[in-house]
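Please look over the structure shown here. The report below goes through some of its helices and strands.

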Amino acid sequence: MKRRQFLSLAPAAGLAALPAGIAPAAGHGGAPALHEAQRRSVGDITVTALSDGGISLGHAPLQGISEEDYAAILRAGFHDPAGYTSGVNAFLVETGALKVLVDAGTGGFFGPEVDNLPANLAATGVAPGDITHVFATHLHPDHVGGALRDGAAVFPAAELVVHEADRAFWGDEGRFADGPEMMQAFAGLSQAVLAAYGDRLRVFDAETEIAPGLTALPLPGHTPGHSGLMIASGNDALLIWADIVHVAPVQLARPEVTIGFDVDPAQAAASRAAILDRVAAERLLVAGSHIPFPGLVHIAADGSGYRAVPAAFDYAAN
């Protein structure tokens, strides 16, 4: 998909502008909400999965697969093709005195049904002022919208860590001046976040240790600076791979399938193929931003593709 096509698919701020095939998942229907936070030990490091809500994805945003094949893969995995729900997950990483929030949720950018991160973070006993770093895997609104509220930084003491390529792409005000209104909304939010954390902005441009045991891992394509975070302590490791997949059953079975939000679909597919091969070979635990909560899975080879094996619940950490 060309960049112009990508721009035309990006949703504007507000629920009504979401493109065909994408909608916030249904809420709790009036029932009291249960907190969605789940801890995982990685050696001496604690990783807590935090749900911001869910987004129901249809076939329309995907490229490289027919609607029939899309439906068949989902049905085979006991999913509803008419309303597959992808998670919108963030992750709190606690190591020593550091509290690193990997992505910050939508901040309500896609409506109130997808704005649950603040309550779930509070349920862990962590306040916004306790966060020392916000690691932005990329500057899409479902990852950094929650870093801003009423124009001000939500995390007043946090350093914002982001790949230089994403900062340059989304921070270029002239790039989107004549683009669709919805793309201007994406870029405008990114620029507001960058400005709010301007004196606490830290950029990287290669595989970089951002803190002991935490290494930024560029995985470009979805956006120019899209990156994961490798967490390692002792003999344990976990890769938070961000947006490697959006409709996990489909894109694991068919890694060549891309989504309309990929800035460079060919590069996104290549990054996905490479990291899938690596995590399957190394039996590495991964955490995904858009894998149903808590987003923690192992990846196993399955024919010409892969499948997700949900991680066992970590009773000791919870």
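## Two crossing helices

Helix 5 (residues 164–171) and helix 6 (residues 181–196) have axes that come within 9 Å and cross at roughly 120 degrees. That makes helix 5 oblique to helix 6, a class left over once angles under 35 degrees count as roughly parallel, over 145 as roughly antiparallel and 65 to 115 as roughly perpendicular. Axes are lines fitted to C-alpha atoms, for helices over the stretch in contact, and angles run from 0 to 180 degrees between N-to-C directions. Helix 5 contributes Arg 167, Trp 170 and Gly 171 to the contact. From helix 6 come Met 183, Phe 186, Ala 187, Ser 190, Gln 191 and Leu 194. Contact means heavy atoms within 4.5 Å.

This is a predicted model, in which local features need pLDDT of at least 70, side-chain atom pairs count only at pLDDT 80 or more, and totals for chains, interfaces and linings use all residues. Residues are numbered from 1 along each chain as its sequence is written, and side-chain values use heavy atoms, with hydrogens and water left out. Helices (H or I, at least four residues) and strands (E, at least two) are DSSP runs, numbered from the N terminus.

## Helix 2

Which residues of helix 2 are buried? In helix 2 (residues 67–76) they are Tyr 70, Ala 71 and Leu 74. They sit on the same side of helix 2, because they cover an arc of only 95 degrees around the axis. Glu 68 and Ala 76 are exposed on the other side. Buried means under 20% relative accessible area, exposed over 50% (1.4 Å probe, protein chains only). The cover over the buried residues includes strand 3 (45–57), strand 4 (62–63), strand 5 (84–95) and helix 7 (248–253). Just after helix 2, Phe 78 has a positive phi of about 65 degrees.

Seven strands form an open sheet with mixed pairing, in the order 12-13-14-15-17-18-19. Two strands pair if DSSP finds at least two bridges between them. Neighbouring strands are turned by 35 degrees against each other on average, direction ignored.

| Pair | Bridges | Facing residues |
|---|---|---|
| Strand 14 and strand 15 | five bridges | Met 230 and Leu 239 |
| Strand 18 and strand 19 | six bridges | His 298 and Val 309 |

The hairpin of strand 18 and strand 19 has two residues between the strands. There, Gly 303 takes a positive phi near 65 degrees. Helix 8 (residues 265–282) lies across several strands, including strand 13 (214–218) and strand 14. Helix 8 runs at about 160 degrees to strand 15.

Definitions and conventions: The arc is that of the directions from the helix axis to the C-beta atoms.
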